[in-house]
Amino acid sequence: MNKNYDVIVAGGGTAGCAFAYTAGKLGLKVLLVEKNTYLGGSITSSLVIPAMKTSSNAINTDFFNKLYSELSKINGSITYQDGNKGWFNPELTKIVLDKLMLEANVEILFESKIHEISNKLCGYIVAICDNNLNSKKDVLLEHIETKYLVDATGDAKICQKLNCDFLNTEEEVQPVNLRFIMSGININKFSKWLTKYDNDRDVTTCCSVDGYIMLSTAYTWDTTKEWALKPLFKQAIEEGIITEEDSNYFQIFSVAGTKDSIAFNCPRLLDSKGTRSNLYLNGRQSIHRLSLFCKKYLPGFEDAYISSIADSIGVRVSNRVKCRYVYTKQDLISGKRFENPVVISNYPIDIHSSAKNKSKLDKVYQEYQLPLESLIVNDNLFVIGRCISADFEAQAALRIIPSCFSMGEGLAKYIASVKGVKKSI
Ligand SMILES: Cc1cc2nc3c(=O)[nH]c(=O)nc-3n(C[C@H](O)[C@H](O)[C@H](O)COP(=O)(O)OP(=O)(O)OC[C@H]3O[C@@H](n4cnc5c(N)ncnc54)[C@H](O)[C@@H]3O)c2cc1C
């Protein structure tokens, strides 16, 4: 007999986890199919921290709050910078997400992908390819029925298989990053040096929270910005320790629950149209050079070492699906209201460019709403996360972690209401 689910979600990343947890808690029978060996997607496999701060009127925030409170119990999150609760520890996030899915009765298939999909009258029949240890074959196919299918793969891989209509995104690129973490840092020494060195505090923040020194700083090669670390980068380029391209973007953050580690939101890899393989090859060389730069120029890093390199490049923008409503920059900046919003936010339009002085972070002056219809491909197929139906600039504001959580949660509530399940979370 075929297996049967209410909903299958492909991709256990940022949006997929929020969806699966909420749907499970609401009483839907959920199967989560994830290609990695752990959950979290960009938050864990690309080491993207912290979740950006968004509007205090944000909706669909139960999953974010639950994740924060579970992480807090094990020293895996901290509130820093303007009351932002999104400072998560990536490794502990993997553990907490597993726990949350089990609590919500979500079935998980790791190292798995949806291999084939066929339509049935009202829903889909899916063949899953996974690495079952007991299988004699490389590929194990199971025919599984589902009423609803949710594409949370970030790159709309399921919609590609189903030949859905896509927005024209060919000219729209933003560079990807390969993030990393260094440990063995004398944070006390580094923070004292940093706050003195960047005495204008233009991009540097630093303070003690619950016994931890929390900090962040940044540098970019854009000539429109004169951030404090500039002379150090100039000297390191002249000495051949880093290349000019390595200096295009540098950003560091504390890692919750650690006293000797710092996470790097770099290198930003400029050849985003190159192959993924080249991005990894170039990215890891750049990480090595940047680590040597830190050890030589940043007091406190003398004994530091690379303790983690992201498993996956962080992708800001890729395929986006054409849904019932294509959300635009105009909708966003005008703060257009919708009957069924799934996200409310005020995060700026954040566009990274490979060219000097072309990156931008455009403030928005009022809250905006993303409608449910931008997630609906048809009655049985949905997208959530960075591949939603939004134009380039609108997506550049909506892709942040809290908004992806809200989309996942909002969609789960919608499907539960359509299905008529009545359990409360
Ligand atoms: C460099 C960079 C820096 C960023 N900085 C910040 C920041 O500081 N703060 C912030 O809030 N946001 C930030 N963001 C944005 C944010 O992290 C992402 O946009 C968001 O996490 C994307 O969520 P998602 O659910 O769409 O995708 P993901 O979280 O990437 O999840 C996709 C999941 O699908 C899985 N998957 C893919 N294909 C398949 C398949 N075929 N079958 C099964 N599973 C599959 C993946 O393994 C992954 O788990 C940043 C993004 C980038 C790239």
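Are tyrosine 327 and phenylalanine 338 buried or exposed? Tyrosine 327 is buried, and phenylalanine 338 is buried too. By buried I mean under 20% relative accessible area, with exposed over 50% and partly exposed in between, using a 1.4 Å probe and protein chains only.

Some housekeeping. This is a predicted model, in which local features need pLDDT of at least 70 and side-chain atom pairs count only at pLDDT 80 or more, while totals for chains, interfaces and linings use all residues. Residues are numbered from 1 along each chain as its sequence is written, and side-chain values use heavy atoms, with hydrogens and water left out.

Back to the rings. A search of the whole structure gives 20 aromatic pairs. Rings of Phe, Tyr and Trp (its six-membered ring) pair if their centres lie within 6.5 Å; planes under 30 degrees apart count as stacked, over 60 as edge-to-face and the rest as tilted. The ring centres of tyrosine 327 and phenylalanine 338 are 6.1 Å apart and their planes are at 55°, so this pair is tilted. It links distant parts of the chain, 11 residues apart: tyrosine 327 is in the loop between strand S16 (305-309) and helix H9 (329-334), and phenylalanine 338 is in the loop between H9 and strand S17 (341-345). Helices (H or I, at least four residues) and strands (E, at least two) are DSSP runs, numbered from the N terminus.

Elsewhere, one aromatic cluster is formed by Phe180, Tyr219, Phe233, Phe250, Phe264, Phe293 and Tyr297.

Lysine 259 sits over the ring of tyrosine 212, 4.9 Å from the ring centre. Lysine 356 sits over tryptophan 221, with 4.9 Å to the centre of that ring. The criterion is NZ of Lys or CZ of Arg within 6 Å of the ring centre and within 35 degrees of the ring normal.

Next, helix packing. How do H3 and H4 cross? The axes of helix H3 (residues 62-73) and helix H4 (residues 90-103) come within 10 Å and cross at roughly 120°. Axes are lines fitted to C-alpha atoms, for helices over the stretch in contact, and angles run from 0 to 180 degrees between N-to-C directions. H3 and H4 are therefore oblique to each other. Angles under 35 degrees count as roughly parallel, over 145 as roughly antiparallel, 65 to 115 as roughly perpendicular and the rest as oblique.

On the H3 side, the contact is made by Phe63, Lys66, Leu67, Glu70 and Leu71. The H4 side includes Leu92, Val96 and Leu100. Contact here means heavy atoms within 4.5 Å.

H4 also packs with helix H1 (residues 14-25), at an angle of about 25° and with the axes 8 Å apart. H1 and H4 are therefore roughly parallel to each other. From H1, Cys17, Ala20, Tyr21 and Lys25 meet Leu97, Leu100, Met101 and Glu103 of H4.

Now the backbone. Most residues other than glycine have a negative phi, and most peptide bonds are trans. There is a cis peptide bond between isoleucine 49 and proline 50, with omega about -5°. Proline 50 is in the loop between helix H2 (42-45) and H3. Another cis peptide bond joins cysteine 266 and proline 267, with omega about 0°; proline 267 is in the loop between strand S14 (262-264) and strand S15 (268-269).

Leucine 47 has a positive phi, near 55°. Leucine 47 is in the loop between H2 and H3, and is buried at 3% relative accessibility. Aspartate 210 also has a positive phi, near 50°. Aspartate 210 is in the loop between strand S11 (205-209) and strand S12 (212-220), and is exposed, with a relative accessible area of 70%.

Glutamate 409, in helix H11 (residues 401-419), is buried, with a relative accessible area of 0%. Leaving aside neighbours within four places in sequence, the contacts of glutamate 409 include Ala18, Phe19, Asn60 and Phe63.

Lysine 147, in strand S8 (residues 140-151), is partly exposed at 28% relative accessibility. Lysine 147 and aspartate 379 are 232 residues apart in sequence, with 9.5 Å between their C-alpha atoms. Not counting residues up to four places away in sequence, lysine 147 touches Tyr5, Asp6, Cys122, Gly123, Asn380 and Lys419.
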